[in-house]
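Dear colleague,

I am passing on the structure we spoke about, together with some notes on what came out of it. Please look it over alongside the text that follows.

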Amino acid sequence: MLPSHGEQGSRAAAIKTIVLHILLCLLTFYTIYYMIGSVCCGVFRLNSFDAHLPFEFKTEPSYSNPNYLVNVISMEITFFSSGLFFAVMLKRWVWDYALTVTSIHLLLTWAGEWTDALKLAKAGTPSGLFLMIGNGELLTYFAYPSSNSPDWDNFS
């Protein structure tokens, strides 16, 4: 049974909305990452700000290394606050977009170098993802109670 023209149009509109939400979430995620990273570079008095901060994990993991601390702290604060921003922007489905953005971030990091991605996974990505989903879903649950029950026919 082929879908009617109206069903195809609504499906295309839903896919377009989802893709736009993903792009908006990615833009928000990396904007927050760079903002937090630049503040952390200033706090730790680093000489320069690395534009590859979200993707650079070549520094040796050590709590005495300020470059490593800037990277890890920036990542964790970004994950924490991104979930809150996603909740405000989307008002539902935060867990789905958080998982998608984190997956895309990992894929972009893996595209650079596989060993860097392993360091990223050890550096706190799982806990950051948990923070992003938890914060976003809690804010959505308490701030937007009408959006807690999913409407499967209209999820834009």
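Does Val-70 count as buried or exposed? The model is a predicted one, and in it Val-70 has a relative accessibility of 2%, so this residue counts as buried, the cut-off being under 20%. Val-70 sits in helix α2, which covers residues 66-90, and, if its neighbours within four places in sequence are set aside, it is in contact with Gly-37, Cys-40, Cys-41, Phe-44, Leu-46 and Leu-53. For Phe-44, the separation from Val-70 is 26 residues in sequence, while the C-alpha to C-alpha distance is 7.4 Å.

The helix that holds Val-70 also packs against helix α5 (residues 125-143), at an angle of about 25° and with the two axes 7 Å apart. Because angles under 35 degrees count as roughly parallel, α2 is roughly parallel to α5, and the crossing of the two is right-handed. Residues that make this contact include Met-75, Phe-79, Phe-80 and Phe-86 of α2, and Leu-129, Leu-131, Met-132 and Leu-139 of α5; by class, the contact has 11 nonpolar, 8 polar and 1 charged residues.

As for the chain as a whole, it has 5 helices and 0 strands, and 35% of its 156 residues count as buried. Among its contacts between residues at least 6 apart in sequence, 72% join residues at least 24 apart. The accessible surface comes to about 9400 Å², with 68% of it belonging to carbon and sulfur atoms.

Definitions and conventions. Residues are numbered from 1 along each chain as its sequence is written. This is a predicted model: local features need pLDDT of at least 70, side-chain atom pairs count only at pLDDT 80 or more; totals for chains, interfaces and linings use all residues. Side-chain values use heavy atoms; hydrogens and water are left out. Helices (H or I, at least four residues) and strands (E, at least two) are DSSP runs, numbered from the N terminus. Buried means under 20% relative accessible area, exposed over 50%, partly exposed in between (1.4 Å probe, protein chains only). Contact means heavy atoms within 4.5 Å. Axes are lines fitted to C-alpha atoms, for helices over the stretch in contact, and angles run from 0 to 180 degrees between N-to-C directions. Angles under 35 degrees count as roughly parallel, over 145 as roughly antiparallel, 65 to 115 as roughly perpendicular and the rest as oblique. A crossing is left-handed if the near helix is turned anticlockwise from the far one by less than a right angle, and right-handed if clockwise. Ala, Val, Leu, Ile, Met, Phe, Trp, Tyr, Cys and Pro count as nonpolar, Asp, Glu, Lys and Arg as charged, and the others, Gly among them, as polar. Accessible areas come from the Shrake-Rupley method with a 1.4 Å probe; for residues, only the protein chains shown count as cover.
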